[in-house]
Amino acid sequence: MIDNIPGNSFGENISMGDEANRVKTGIEGFDDICGGGMLRDRTYLVSGNSGAGKTNFAIQFIYNGIVKYNENGLIVATEEKPEHIRENVATFGWDLEALEDEGKLAIIDASSTKIGIPSQEKFVDVRPFDMRSMIDQIITAQEETNAKRALIDSSTALGFQIQDPPKIRVELLKLSATLEILGLTSMMTCETLYENEVSRFGVENFVTEGTIMLNYHRQDNVRSRSIEVYKMRGSDHSKKLHPYDITSEGIVIHPNEEVYML
Ligand SMILES: Nc1ncnc2c1ncn2[C@@H]1O[C@H](COP(=O)(O)OP(=O)(O)OP(=O)(O)O)[C@@H](O)[C@H]1O
Ligand SMILES: [Mg+2]
């Protein structure tokens, strides 16, 4: 069914596409600016500068998947310790540990052993960085949880392990292709340094089906946040920058408002 939002206040008719194939993020305002949700089994890059809210945004997609849409999830933590992730998002009222105990969520610790710290986690990628080993962990976690959504946080940490951009491109393509074969709709976060920078190594956005840019920018004495659907293969989407807030309940996007950058 093709459905339009006629005359919405961001002045564009966003085709809602085939609703059945859309994976709703449930993030307030986001599904409205990307044609009704993400396309099933595809991988999206969530890029932005430090503190923009990439991790929170992507975990909200995983958390909502479980509690609102009955789609289990898995998270690969390549840098932040899983216990910190659990603690940080508990401030939004999201109890990840309870979901793990119910077998609905798996968090793979892909950082501790690489920096020589022991891990108490159930899912640990123990070998020195190797994409095959990480993919094996993802397959195990997906089999145990029957996950439909995945988060790789972050692709940048993987890139630094691999170092060479052409190799990063091939390895991330392997990863996104595997996520697709496993039937996972996924987000990969990407840390950028400069405003308007789409990806860190200049290749990540080419191996993902879409790119969402989060921007935390300073104007005069105050910082504000904006989100842009930069690319979404196979879908219409808003071409504007929309403001968003990080509230006590998570990310809230304002689809009917625009941000003007100087
Ligand atoms: N409970 C909360 N209420 C409001 N804002 C919060 C809350 N918790 C965190 N934040 C905001 O979220 C920001 C961190 O978001 P997040 O960790 O998702 O950023 P990130 O883009 O992943 O950063 P990095 O690149 O460093 O990993 C904090 O700096 C803070 O501004
Ligand atoms: Mg982060």
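# Reading salt bridges and a ligand shell

Mentor: Let's start at the ligand: an oxygen atom of ligand 1 is 2.8 Å from an N or O atom in the side chain of Thr55. This is a predicted model, where local features need pLDDT of at least 70, side-chain atom pairs count only at pLDDT 80 or more, and totals for chains, interfaces and linings use all residues. Residues are numbered from 1 along each chain as its sequence is written, chains are lettered from A and ligands numbered from 1 in the order in which they are written, and side-chain values use heavy atoms, with hydrogens and water left out.

Trainee: How much accessible area does ligand 1 have on its own, and what percentage does the protein cover?

Mentor: On its own, ligand 1 has 660 Å² of accessible area, and the protein covers 63% of that. Such areas come from the Shrake-Rupley method with a 1.4 Å probe.

Trainee: On to charges. How do I read a salt bridge, and how many are there?

Mentor: In general, side chains of opposite charge can pair when their charged atoms come close. The cut-off: a side-chain nitrogen of Lys or Arg within 4 Å of a carboxyl oxygen of Asp or Glu. A search of the whole structure finds twelve.

Trainee: Which residues does Glu71 link up with in a network?

Mentor: Arg40 and Arg149; the three are linked by salt bridges. Arg40 and Glu71 meet at 3.1 Å, N to O, while Glu71 and Arg149 meet at 2.8 Å.

Trainee: Are Glu71 and Arg40 buried or partly exposed?

Mentor: Buried means under 20% relative accessible area, exposed over 50%, and partly exposed in between (1.4 Å probe, protein chains only). Glu71 is buried at 11%, whereas Arg40 is partly exposed at 32%. Arg149 is buried too.

Conventions: Polar contact = N/O pair within 3.5 Å; in protein donor to acceptor, adjacent residues only side chain to side chain.
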